[in-house]
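Dear colleague,

I am handing over a structure for you to look through, and below it I have set out what was found in it. Please keep it open beside you while you read.

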Amino acid sequence: MDIDTTFRALSHSTRRQLLDRLFERNGQTLSELCDDLGMTRQAVTQHLSILEESNLVVSQMSGREKLHFLNPVPIHHIFSRWIGKYENARLNALALLKDNLERENNDSSK
Amino acid sequence: MTAQNENKAGEQFVYVTYILSTPEKVWKALTERQFTEQFWYGLSVECDWQQGSPWRLLAPDGTLAHTGRVLEVNAPYKLVLAWQHEFISKLKAEGHTRVTFEIKQLEEMVKLTVVQSSDRTDGNTISVMARGWPLLLASLKTLMETGASLKSSRHWPAVRRSA
């Protein structure tokens, strides 16, 4: 469950589209996810299994139906590895510095 | 009635994280305040973890963040909680949701599954809380694997970035 696996799973537009669909409405069946996608059921199944292996999608049985859920936790690991390190305070400080420098430039050019 | 039948009508999310740890350690992290204070936005958990007991998550300033009752407990593998959001009045008015933690050993890893569900379809509790869990779970994993939680998950009130 490393970051490479997450990036590999995210590298295909169909898989990102499937995640977008689950973001819009969580807990869908395979048939619902196939609707209007213009792909064979088999192709969608394959993409879903890659998403499940990378832990970006989690499935659960509900009665006789298998429902798919978006799992954003691996994306948070990517976020915390690079962006989270810098923390908001530092990002804010940099944004402030940029603002101030740009203002100085504008002032001095007047 | 099973939980799944109940969920069918309402809303839920399912989050999973894999942690290099043991079920016992992950259980302690979820049920003891010296751990929750580190990764759960500074909140301390209070409960004796007996079936039927009340539980609560308290902010450092004493604000009641979440409360509820223990519905099912099988340490260190399963914990089901009735969950009442307390600190946003609109969500508090929506009443109880249900949170299930499942902990499974998979070779050297632990698979932690968190499901939060509501019988309501018109509420906001599930969608609001769904935004808080990913950072919390990423931080729990980091704490278990490195000994330090993620900084952004240590303080109350939680910084809510738009998701």
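How many bridges join strand 5 of chain B to strand 6 of chain B, and in which sense do the two strands run? Six bridges join them, and the strands run antiparallel. Please bear in mind throughout that this is a predicted model. One position to look at in this pairing is B:Val80, whose bridge partner in strand 6 of chain B is B:Thr100.

On its other pairing, strand 5 of chain B is joined in the antiparallel sense to strand 4 (residues 64–74) of chain B over eight bridges, and a hairpin of three residues leads from strand 4 of chain B to strand 5 of chain B. Within this pair, B:His66 stands opposite B:His85 of strand 5 of chain B.

Strands of a sheet pair through backbone hydrogen bonds, which may be arranged in a parallel or an antiparallel way. In chain B, seven strands form an open sheet in the order 1-7-6-5-4-3-2, with antiparallel pairing. Strand 1 and strand 2 (44–46) of chain B stand at the edges and have a single partner strand each, so one side of each is left without a neighbour in the sheet. From one strand to the next, the twist averages 20°.

Strand 5 of chain B has a covered face, made up of B:Leu79, B:Leu81, B:Trp83 and B:His85, and an uncovered face, made up of B:Lys78, B:Val80, B:Ala82 and B:Gln84.

Helix 5 of chain B lies across strand 1, strand 5, strand 6 and strand 7 of chain B, running at about 10° to strand 1 of chain B, while helix 2 of chain B lies across strand 1, strand 2, strand 6 and strand 7 of chain B, running at about 155° to strand 6 of chain B.

Which residues of helix 2 (residues 23–31) of chain B are buried? They are B:Val26, B:Trp27, B:Ala29 and B:Leu30. Seen down the axis of helix 2 of chain B, these buried residues fall within an arc of 160°, so they line one face of the helix. They pack against strand 1, helix 3 (33–39), strand 6, strand 7 and helix 5 of chain B.

Definitions and conventions: Residues are numbered from 1 along each chain as its sequence is written. Chains are lettered from A and ligands numbered from 1 in the order in which they are written. This is a predicted model: local features need pLDDT of at least 70, side-chain atom pairs count only at pLDDT 80 or more; totals for chains, interfaces and linings use all residues. A residue is buried if 20 or more other C-beta atoms lie within 10 Å of its own, exposed if 12 or fewer, and partly exposed in between; C-beta atoms are placed from the backbone. Helices (H or I, at least four residues) and strands (E, at least two) are DSSP runs, numbered from the N terminus. The arc is that of the directions from the helix axis to the C-beta atoms. Two residues are in contact if their C-beta atoms, placed from the backbone, lie within 7 Å. Two strands pair if DSSP finds at least two bridges between them. Axes are lines fitted to C-alpha atoms, for helices over the stretch in contact, and angles run from 0 to 180 degrees between N-to-C directions.
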